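Please read it alongside the sequence and coordinates displayed here.

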Amino acid sequence: MQFFLDTADLGDIRWAARAGLIDGVTTNPTLVAKVAGDADPRDMLREICAVVDGPVSAEVVGVRTEDMYAEGRELAKVADNIVVKIPMIEDGVVAVRQLAAEGIRVNVTLCFSAAQCLIAAKAGAAYVSPFIGRLDDVGHEGMDVIREARVIFDNYEIETQILAASIRHPRHVTDAAMIGADVATMPTDVLKKLLLHPLTDRGLDQFLNDWAKVATRAKGNA
Ligand code: G3P
C-alpha cells in the first residue's frame, strides 16, 4: 500500500519525504487555504512537487466542464508529478474523460459510494478517492465503500487506484490496507501515530535501563 500525506504544509511534507515515509501527497482547496497566506498556490504546488518523489494531487475549483478542463491543463503544467483532482459531479466526469484522453492523470475526489468510484474509473480516472471519515461522521460505514470498490475493480480488472481518503486514525489505514486499497492518504498526525506504540517506548526504556546496568557493572569491574 502506498502512503500519501494529505496536506499542503511544506514543513510536514519535507519531514515525511526525508524520512522516506510517503509515496505522494494530496491537497485540496481547504488544505491549501490553511497554509497559503499570501503565497501563490501555484508556487506552493511547484515547491511541493519538487520535494515529493511521487504524485501530488492538486484540485480544480471550477465546477463546469470547460473550467475544470482548462484548470486541469494548467495545473498539469506545474510539474510532471501533478495529478489533477476533479470533484465527482456530472460536469467533472466529462472533464475527467477529456483530461485523461490527453494523458493527464486525474484523481476523482469527493466519492461517497462504490457506484461513484466505478463511474470515475470508467471515465478514465487514475485514482478514485472515497472519503471514509466523512461517511463515518454521518453514521455510515465508510470502509464499506473501499470494500465494495475493491471487489468491483477486481471483477473487471479496472486499473484505477483506490485511494482511501478522509482518514481519521491509524485503524482506518490498517482496515483499508487489509481490504486492499492501493493508497491511503492521511494527515500528518495520523502518519505520526502509525509510527507509535506505547509498548515500543516502554520496551525500549527497559532495554536501555538494563543495558546501562551492565555498562555500570562493567565499569566497576575494570
Ligand atoms: O483530501 C481529501 C480528504 O482526505 C479530506 O479529508 O479530513 O477533510 O474529511 P477530511
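How do the residues of the lining of the second largest pocket divide into nonpolar, polar and charged? That lining consists of 9 nonpolar, 2 polar and 4 charged residues. The model is a predicted one. Its protein chain contains 11 helices and 8 strands, and buried residues account for 43% of the 222 residues. Along the principal axes, the C-alpha atoms occupy a box of roughly 80 × 40 × 30 Å.

**Second largest pocket**

- The volume of the second largest pocket is about 220 Å³.
- Its lining comprises 15 residues, and those closest to the centre are Val-32, Pro-41, Leu-45, Glu-59 and Leu-75.
- Four elements each contribute at least two lining residues: H2, helix H3 (41–51), strand S3 (56–59) and helix H4 (65–76).
- Helix H3 makes the greatest contribution to this lining, with 5 residues.

**Largest pocket**

- By class, the lining of the largest pocket has 5 nonpolar, 7 polar and 5 charged residues.

**Ligand surroundings**

- The residues around the ligand are Asp-6, Asn-28, Lys-85, Phe-131, Arg-134, Ala-165, Ser-166 and Arg-168.
- Asp-6 places a polar side-chain atom 2.5 Å from an oxygen atom of the ligand.
- In Arg-134, an N or O atom of the side chain is 2.7 Å from an oxygen atom of the ligand.
- Ser-166 likewise has a polar side-chain atom, 2.7 Å from an oxygen atom of the ligand.
- The ligand taken alone exposes 310 Å², and the protein buries 82% of that area.

**Residues with positive phi**

- Most residues other than glycine have a negative phi.
- Glu-157, although not a glycine, has a positive phi of about 50°.
- Glu-157 belongs to the loop between helix H8 (142–155) and strand S7 (161–164).
- Glu-157 is classed as exposed because its relative accessibility of 70% is over the 50% cut-off.
- Ser-166 is not a glycine either, and its phi is positive, near 55°.
- The position of Ser-166 is in the loop between S7 and helix H9 (170–179).
- Ser-166 has a relative accessibility of 9%, which is under 20%, and therefore counts as buried.

**Thr-160 in the loop between H8 and S7**

- Thr-160 occurs in the loop between H8 and S7, where Glu-157 is also found.
- Thr-160 is buried because its relative accessibility is 7%, under the 20% limit.
- The side chain of Thr-160 comes to 2.9 Å from the backbone oxygen of Ala-125.

**Pairs separated along the chain**

- Gly-11 is part of helix H1 (residues 10–18).
- With a relative accessible area of 42%, Gly-11 lies between the 20% and 50% limits and so counts as partly exposed.
- Gly-11 and Ile-48 are 37 residues apart in sequence, and their C-alpha atoms are 9.8 Å apart in space.
- Tyr-69 is located in helix H4, one of the elements that supply at least two residues to the lining of the second largest pocket.
- Tyr-69 is partly exposed because its relative accessibility, 21%, falls between 20% and 50%.
- Tyr-69 and Gly-92 are 23 residues apart along the chain, with 8.6 Å between their C-alpha atoms.

Terms used:
Residues numbered from 1 in each chain as written. Heavy atoms only, no water. Buried < 20%, exposed > 50% of the residue type's maximum accessible area, 1.4 Å probe, protein only. Nonpolar A, V, L, I, M, F, W, Y, C, P; charged D, E, K, R; others polar. 1 Å grid on protein atoms, 1.4 Å probe; cavity = no way out; pocket = protein on both sides within 12 Å on 5 of 7 lines; lining within 4 Å. Points joined across faces, edges and corners; volume = space filled by probe spheres on them. Near = heavy atom within 4 Å. Polar contact = N/O pair within 3.5 Å; in protein donor to acceptor, adjacent residues only side chain to side chain. Areas by Shrake-Rupley, 256 points an atom, 1.4 Å probe, with all protein chains shown as cover.
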